[in-house]
Amino acid sequence: MQSMALTFHPKSASKMHVYIRTLTINDLDKVIELENASFPEAERGTPEKFKYRLTVCGELCHGLFTMTKPHPDTPKGVSDFKPKEILIAMIIGSKTDAALVTDASMRVPSNTINLTSESALDSASHTKDDDDSQNKQPTASAGSSTQADASSSALQPLKVSKPVPDREGHVEAGDTICIHSMCVASSYRGMGHSQILLKDYISRMRDAGVSKRIALICHREITGVYTKAGFRYRGTSKVTHGGGDWVDMTYEFSGPPGKATFRRQG
Ligand SMILES: CC(C)(COP(=O)(O)OP(=O)(O)OC[C@H]1O[C@@H](n2cnc3c(N)ncnc32)[C@H](O)[C@@H]1OP(=O)(O)O)[C@@H](O)C(=O)NCCC(=O)NCCS
C-alpha cells in the first residue's frame with residue numbers, strides 16, 4: 001500500500017504531517033509498545049498475536065505515522081539528522097468466516113508452530129479451497145532438520161474433513177474483517193486521529209472488495225468513537241477475552257452508506 005499524505009484534522013493543534021501505511025513485521029516493536037501503553041494487561045494482544053497478524057495478514061494492519069523533524073535552528077546541509085517514524089495510531093485486523101469478532105478469531109491457530117518460517121505463513125493464509133488438499137498431505141514428523149521437513153512441519157495440516165465455521169486465527173476467505181486492536185498514542189489523543197485512521201481503513205477495505213463487513217468489539221463507553229465513523233451497535237458480544245463485557249459493532253459494506261467519508265491528498 002502506498003502511503004498517503006493526509007489533510008489536517010480541524011482539532012489537530014500541532015498541524016503535523018501524518019501519513020498512513022500498511023504495517024509489516026518490521027514494525028513489530030513499535031506495535032507492541034503502542035498496544036502495551038494503550039490497554040490494560042488483561043486486554044492486550046500478546047506479542048505472538050502481533051507477530052502472527054503482521055506476517056499472515058499485514059495488509060489488514062494499518063498505521064498512522066508522523067516523522068521526527070530536525071530542530072528548526074539546524075543549518076541546512078550540515079545536519080546528519082535522520083528522521084524516524086513515530087507510530088501515532090494503529091488498526092490491527094484479520095479475517096474470519098464468522099459474522100462478528102469471536103474468541104477463535106482472536107487466537108493464533110494452535111497448529112502454528114514457527115512464525116518465522118515462510119512456508120508456515122503461506123500455509124497459515126490458506127483459503128477454504130485449500131483445506132482439502134492440505135488434508136491429503138501427510139503429517140510431518142517432529143524434530144526434522146532439513147528445509148523441506150521444516151516446511152511441512154512448520155504448520156500441521158488442519159485435521160478436518162470439511163470447513164469448520166469460526167476457525168481460529170486469520171481465515172483468508174472469510175467475509176468479515178475483524179479489528180483486534182485500535183489505539184492512539186496517549187500524547188496524540190483528542191485530535192481526531194482515530195477518525196482519520198478508521199475512515200481511511202473503511203475506505204480502503206471497501207475499495208479492495210475483500211469482505212462484506214468490518215467487525216470489532218469494544219467497551220460500551222467507547223462505542224461513540226466507532227458510531228462516529230459509521231459503525232453500528234450489534235448488541236452484547238459473546239467474546240470472553242480480557243474478562244468479557246464487550247459489545248459488537250459492525251460496518252456493513254452492503255448497507256446504506258455510512259458516515260465515513262475521507263478526503264485524501266496526493
Ligand atoms: C479510544 C481512542 C482510540 C480514541 O482516539 P482519539 O484519536 O483520541 O479519538 P478522536 O480524537 O478521533 O475522537 C473521536 C471521537 O470519539 C470520542 N472519543 C474519543 N475518545 C473517547 C473515549 N475514550 N471514550 C468515549 N469517546 C471517546 C471523542 O469525543 C470524539 O468525538 P467528538 O469529535 O464528537 O468529540 C484512544 O483514546 C485510545 O487509543 N484509547 C486507548 C485504547 C482504546 O481504548 N482503544 C479502543 C479499543 S475498543
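Sorted by class, the shell around the ligand holds eight nonpolar, seven polar and three charged residues. Here Ala, Val, Leu, Ile, Met, Phe, Trp, Tyr, Cys and Pro count as nonpolar, Asp, Glu, Lys and Arg as charged, and the others, Gly among them, as polar. The model is predicted: local features need pLDDT of at least 70, side-chain atom pairs count only at pLDDT 80 or more, and totals for chains, interfaces and linings use all residues. Residues are numbered from 1 along each chain as its sequence is written.

Who sits nearest to the ligand? Of the 18 residues around it, Cys 183, Arg 189, His 193, Ser 194 and Cys 218 come nearest (a residue is near a molecule or strand if its C-beta atom, placed from the backbone, lies within 6 Å of it). Strand E5 (176-184), helix H7 (193-208) and helix H8 (223-227) are the elements that give two or more residues to this shell. Helices (H or I, at least four residues) and strands (E, at least two) are DSSP runs, numbered from the N terminus.

Now for H7. This helix has 16 residues and spans 22 Å from first C-alpha to last, close to the 22 Å expected at 1.5 Å a residue; that expectation is 1.5 Å times one less than the number of residues. Buried residues in H7 include His 193 and Ser 194, both also among those nearest the ligand. Just after H7, Gly 209 takes a positive phi of about 65 degrees.

"Buried" means 20 or more other C-beta atoms within 10 Å of a residue's own (exposed is 12 or fewer, partly exposed is in between, and C-beta atoms are placed from the backbone). Thr 96 counts as buried because it has 25 C-beta neighbours inside 10 Å, and Ser 181 is buried because 21 other C-beta atoms lie within 10 Å.

| Pair | Apart in sequence | C-alpha to C-alpha |
|---|---|---|
| Thr 96 and Ala 215 | 119 residues | 9.7 Å |
| Ser 181 and Gly 93 | 88 residues | 7.2 Å |

What does Ser 181 contact, leaving aside neighbours within four places in sequence? The list is Glu 35, Gly 45, Met 90 and Ile 92, with contact meaning C-beta atoms, placed from the backbone, within 7 Å.

Stepping back, the protein chain has eight helices and nine strands, and buried residues make up 32% of its 266 residues.

Terms used:
Two residues are in contact if their C-beta atoms, placed from the backbone, lie within 7 Å.
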